[in-house]
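Here are some notes from a read through this model, in the order I would go through them with you. Have the viewer open as you read.

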Amino acid sequence: MTRAIFVDRDGTIIAEPEDEQVDSLEKLSFVPGAISALKALTGLGFELVMVTNQDGLGTAAFPEEDFYPAQNFMLRTLEGEGVVFDDILIDRHFPEDNSPCRKPGTGMFTKYLDGSYDLSGSYVIGDRDSDMELARNLGAKGLKIGQLSWDEIVRTIRATERSATVERKTAETDIRIRVDLDGKGESSVDSGLKFFDHMLNQLIHHGGLSLELSCKGDLEVDEHHTMEDVGIALGEAIRLALGDKRGINRYGFALPMDESRAIVLLDFGGRSELVWDVVFTREMVGDVPTEMFKHFFKSLCDSLRCNLYIQARGENNHHLIEGVFKAFSRTIRQAAARNVFSYDLPSSKGLL
């Protein structure tokens with residue numbers, strides 16, 4: 001589901017003049033830190049929505065030609081910094097109109113209340129108590145300028161929002177996956193294949209993430225569709241949870257397991273390539289064909305858009321593939337680790 005960040009305009013993005021109306025360019029100035037903060041909040045998977053009350057806009061009390069020159073200049077300035085709002089909500093009513101559209105009423109927010117938005121995972125950023133009341137009315141989280149600086153608000157959102165939910169339904173499988181890269185939330189795994197579940201649980205125990213995964217697949221046919229589609233959905237969920245990848249390590253781990261050893265190298269570089277060098281000596285491990293593990297990682301690799309090098313050697317096939325999953329989990333943990341105080345993109349190209 002889509003999440004949104006609703007940002008009050010006056011007093012939050014631009015400084016509010018004494019007469020409370022920004023009706024000329026001379027009255028326009030930005031709140032310190034607002035532009036860089038909004039820039040840091042782009043690319044996180046949120047829709048960015050500007051919200052403002054403008055009493056009597058379009059009437060003689062406040063002609064539109066007084067409002068829009070300053071508004072448009074502000075928007076062009078933000079766009080020049082890479083900040084583009086997905087929506088702009090303007091309420092034109094006077095306070096005495098008692099309109100449900102006027103903050104903290106939710107009348108302006110009809111499109112966000114139809115069940116297609118994850119409002120519990122959304123935010124309202126404002127400078128007034130009415131903005132915080134709006135957050136409560138929407139069922140969103142409120143962050144108040146004055147109590148928090150713009151820098152603290154950015155850190156709060158960026159430090160906690162690295163999760164994604166993917167639902168994938170085909171004629172062969174019905175999958176729901178939720179991933180939180182920072183390990184917040186409950187975890188449960190049910191793919192219908194017990195040994196595959198045992199392997200996927202390594203992501204929880206060794207990857208430092210939380211994972212809710214359920215799959216109903218056509219196992220009466222065989223295991224192929226289940227493992228392929230879980231790989232596709234899991235890769236997509238991790239990719240979405242990574243967001244713009246700013247501040248992450250990007251690269252990933254080698255480990256021993258009893259007589260086996262596994263090496264997994266990873267690059268969240270945006271390109272897909274799998275190198276698989278694992279030799280099995282059994283057709284099955286538990287209820288899973290060993291040939292399907294390469295296909296699972298190929299499906300995940302393509303969906304996650306990563307380079308993945310996997311090499312393992314050992315005598316016990318159970319230890320062999322479990323070592324691979326443990327090393328992969330540690331690699332994900334290492335590569336996805338992020339410094340929330342850094343907005344640097346780990347690429348000389350400026351794009352991942």
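1. Leaving aside its neighbours within four places in sequence, which residues is S99 in contact with? They are D91 and H93, where contact means heavy atoms within 4.5 Å. The side chains of S99 and H93 are also joined by a polar contact of 3.4 Å; that term stands for a pair of N or O atoms within 3.5 Å, where within protein one must be able to donate a hydrogen and the other to accept it, and residues adjacent in sequence count only if both atoms are side-chain atoms. S99 sits in the loop between β3 (87-91) and β4 (123-126). Its relative accessibility is 12%, so S99 counts as buried (under 20% relative accessible area is buried, over 50% exposed, in between partly exposed, with a 1.4 Å probe and protein chains only).

2. A word on what you are looking at: this is a predicted model, in which local features need pLDDT of at least 70 and side-chain atom pairs count only at pLDDT 80 or more, while totals for chains, interfaces and linings use all residues. Residues are numbered from 1 along each chain as its sequence is written, and side-chain values use heavy atoms, with hydrogens and water left out.

3. Now the overall picture. The protein chain has eight helices and 15 strands; these are DSSP runs numbered from the N terminus (helices H or I, at least four residues; strands E, at least two). Of its 352 residues, 50% are buried. The C-alpha trace spans about 85 × 40 × 30 Å along its principal axes.

4. β1 and β4 run parallel and are joined by three bridges, and I5 stands opposite Y123 in β4.

5. Strand β11 (residues 260-267) runs antiparallel to β15 and is joined to it by seven bridges, whereas strand β12 (residues 273-278) runs parallel to β15, with six bridges. Q311 in β15 stands opposite I263 and also opposite D277.

6. The aromatic pairs come to 15, counting rings of Phe, Tyr and Trp (its six-membered ring) whose centres lie within 6.5 Å; planes under 30 degrees apart are stacked, over 60 edge-to-face and the rest tilted. F6 and Y112 form an edge-to-face pair, 5.1 Å centre to centre with 90 degrees between the planes. F6 lies in strand β1 (residues 3-8) and Y112 in the loop between β3 and β4, so this pair ties together parts 106 residues apart in sequence. Both F6 and Y112 are buried.

7. F293 and F325 make another edge-to-face pair, at 6.0 Å centre to centre and 75 degrees between the planes. F293 belongs to helix α7 (residues 291-304) and F325 to helix α8 (residues 317-336), 32 residues apart. F293 and F325 are both buried. Ring pairs link them into a cluster whose members include F195, F196, W276 and F280.

8. Some backbone details deserve a look. K103 and P104 are joined by a cis peptide bond, with omega about 10 degrees, and P104 lies in the loop between β3 and β4. N98, in that loop too, has a positive phi near 50 degrees without being a glycine; N98 is exposed at 65% relative accessible area. R250, also not a glycine, has a positive phi of about 80 degrees, but R250 is buried at 9%.

Technical notes
Pairing = 2+ DSSP bridges.
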